[in-house]
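Open the model in your viewer and keep the sequence at hand. The tour below goes from one selection to the next and says what is there.

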Amino acid sequence: MRLVIRYFFRTLRLILTPFVLLSEKLGGGKPLERSAEEQQKVDTACEQLALYQFKTCPFCVKVRKQIARLNLNIEKRDAQHNETHRADLEQGGGNIKVPCLRIKNDDGSEQWMYESGDINAWLEQRFGKAD
């Protein structure tokens, strides 16, 4: 029975994957516009960020849409297929759960933020307004 359930969900995932990825491409909206100077400041701030994610995770898609909407250049790290990124996520964040935003602070410490809603709220607060 366990094998049947496993294959059911694998098949379901295979069927839904194209739709999840298509929704990301079609539902992005118009990116936030900033002056070149402001965009440079945002890009510099984004160098301290990395998003650990799985390509077809719907919660990761939600965060990637927010990143695109806010016009952010955040490094995306595949924790599903890249063993190095997966190990970094487990060691730094404490568990393998995506999406996870790694934030390097000015003092050298790192903050690992899980949950798509929390990540999106933090990104909106930090980068949401074009100055």
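**First stop: a buried ring**

Select Phe 127: its relative accessibility is 3%, so Phe 127 counts as buried (under 20% relative accessible area; exposed means over 50%, and partly exposed lies in between, with a 1.4 Å probe and protein chains only). The model is predicted: local features need pLDDT of at least 70 and side-chain atom pairs pLDDT 80 or more, while totals for chains, interfaces and linings use all residues. Residues are numbered from 1 along each chain as its sequence is written, and side-chain values use heavy atoms, without hydrogens and water.

**The whole chain**

Zoom out to the protein chain, where 33% of the 131 residues count as buried. Its secondary structure consists of 5 helices and 4 strands (DSSP runs numbered from the N terminus: H or I of at least four residues for helices, E of at least two for strands). Along the sequence the pattern reads α-α-β-α-β-α-β-β-α. Along the principal axes, the C-alpha atoms fill a box of roughly 55 × 35 × 20 Å.

**Aromatic pairs**

Next, show the rings of Phe, Tyr and Trp (for Trp, the six-membered ring), which pair if their centres lie within 6.5 Å; planes under 30 degrees apart count as stacked, over 60 as edge-to-face and the rest as tilted. The count by this rule is 3 aromatic pairs. Select Tyr 52 and Trp 112: the ring centres are 5.4 Å apart and the planes stand at 40 degrees, so this pair is tilted. Tyr 52 belongs to strand β1 (residues 49-53) and Trp 112 to strand β4 (residues 110-114), so the pair links distant parts of the chain, 60 residues apart. Both Tyr 52 and Trp 112 are buried.

Select Val 4, which is found in helix α1 (residues 2-26). Val 4 counts as exposed because its relative accessibility is 56%. What lies over the face of Tyr 7? Arg 10 does, at 5.7 Å from the ring centre.

Then select Met 1, Val 4, Ile 5, Phe 8, Phe 9, Leu 12, Ile 15, Leu 16 and Phe 19, which make a nonpolar surface patch of about 950 Å².

**Both ends of helix α4**

Finally, go to helix α4 (residues 83-93), at whose start a side-chain oxygen of Asn 82 comes to within 2.9 Å of the backbone nitrogen of Thr 84. Just after α4, select Gly 94, which has a positive phi of about 105 degrees.

How values were computed
A polar contact is a pair of N or O atoms within 3.5 Å; within protein, one must be able to donate a hydrogen and the other to accept it, and residues adjacent in sequence count only if both atoms are side-chain atoms. Patches are made of residues with over 30% relative accessible area and no salt bridge: like charges are joined within 9 Å, nonpolar side chains (Val, Leu, Ile, Met, Phe, Trp, Tyr) within 5 Å. Accessible areas come from the Shrake-Rupley method with a 1.4 Å probe; for residues, only the protein chains shown count as cover. A salt bridge is a side-chain nitrogen of Lys or Arg within 4 Å of a carboxyl oxygen of Asp or Glu. A charge sits over a ring if NZ of Lys or CZ of Arg is within 6 Å of the ring centre and within 35 degrees of the ring normal.
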